[in-house]
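Biologist: Could we go through this structure together? I would like to begin with the packing of secondary structure and then turn to the metal site.

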Amino acid sequence: MDNNPITTSIRKVIFENYNDVDLKFNNDQVFEILKQNEKIDPSLTINDMEVYFKELCDAEILRNIGQNFNTQWFKLFEPIEKIQCSSCKKESYIISSENRICQNSSCGSTL
Ligand SMILES: [Zn+2]
């Protein structure tokens with residue numbers, strides 16, 4: 001497990017697996033990949049993740065396109081870009097309309 005914020009881990013999973021604006025994917029799929037990669041606390045449940053997906057929807061990175069019981073379907077508004085910070089060397093996963101600021105909260109350099 002790493003100490004990235006969960007939303008950063010979600011962005012990375014989407015970048016690596018679903019980075020296509022025509023693709024539909026859901027919270028269960030992303031959650032399964034996060035668990036397999038041991039990127040999240042194993043005690044977390046899919047319901048605990050809802051707040052993080054909502055945060056990404058509020059930031060207009062994800063568009064909620066439908067819900068079926070606990071499964072929420074999403075599409076990207078635009079592809080996510082991976083940018084390595086020249087200062088801390090960590091990778092940020094952002095879309096073009098976001099501020100180009102390193103997502104490592106202890107860094108915050110301009111990308
Ligand atoms: Zn940085």
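Predicted model: local features only at pLDDT ≥ 70, side-chain atom pairs only at ≥ 80, totals over all residues.

Biologist: Which residues in H1 and H2 meet?

Modeller: From H1, the residues are Ser9, Ile10, Val13, Ile14 and Asn17, and they meet Val30, Ile33 and Leu34 of H2. Of the residues in this contact, six are nonpolar and two are polar, with no charged ones.

Biologist: Now the metal. What coordinates the zinc ion?

Modeller: The zinc ion is held by the SG atoms of Cys85, Cys88, Cys102 and Cys107, at 2.3 to 2.4 Å. The angles among its four donor atoms are 103 to 113 degrees, and the site is tetrahedral.

Biologist: What spacing do the donors follow along the chain?

Modeller: The donors of the zinc ion follow C-x2-C-x13-C-x4-C. Cys88 sits in the loop between strand S4 (81-84) and strand S5 (91-94), while Cys107 belongs to the segment after S5, so this pair ties together parts 19 residues apart in sequence.

Biologist: Are Cys88 and Cys107 buried or partly exposed?

Modeller: Cys88 has a relative accessibility of 25% and therefore counts as partly exposed. Cys107, at 25% relative accessibility, counts as partly exposed too.

Notes. Residues numbered from 1 in each chain as written. Heavy atoms only, no water. Donors = N, O, S within 2.8 Å, 3.2 Å for Na, K, Ca; no water. Tetrahedral: all angles 85-135°; square planar, octahedral: opposite > 155°, others 65-115°. Helix = DSSP H or I, 4+ residues; strand = E, 2+ residues; numbered from the N terminus. Buried < 20%, exposed > 50% of the residue type's maximum accessible area, 1.4 Å probe, protein only. Contact = heavy atoms within 4.5 Å. Nonpolar A, V, L, I, M, F, W, Y, C, P; charged D, E, K, R; others polar.
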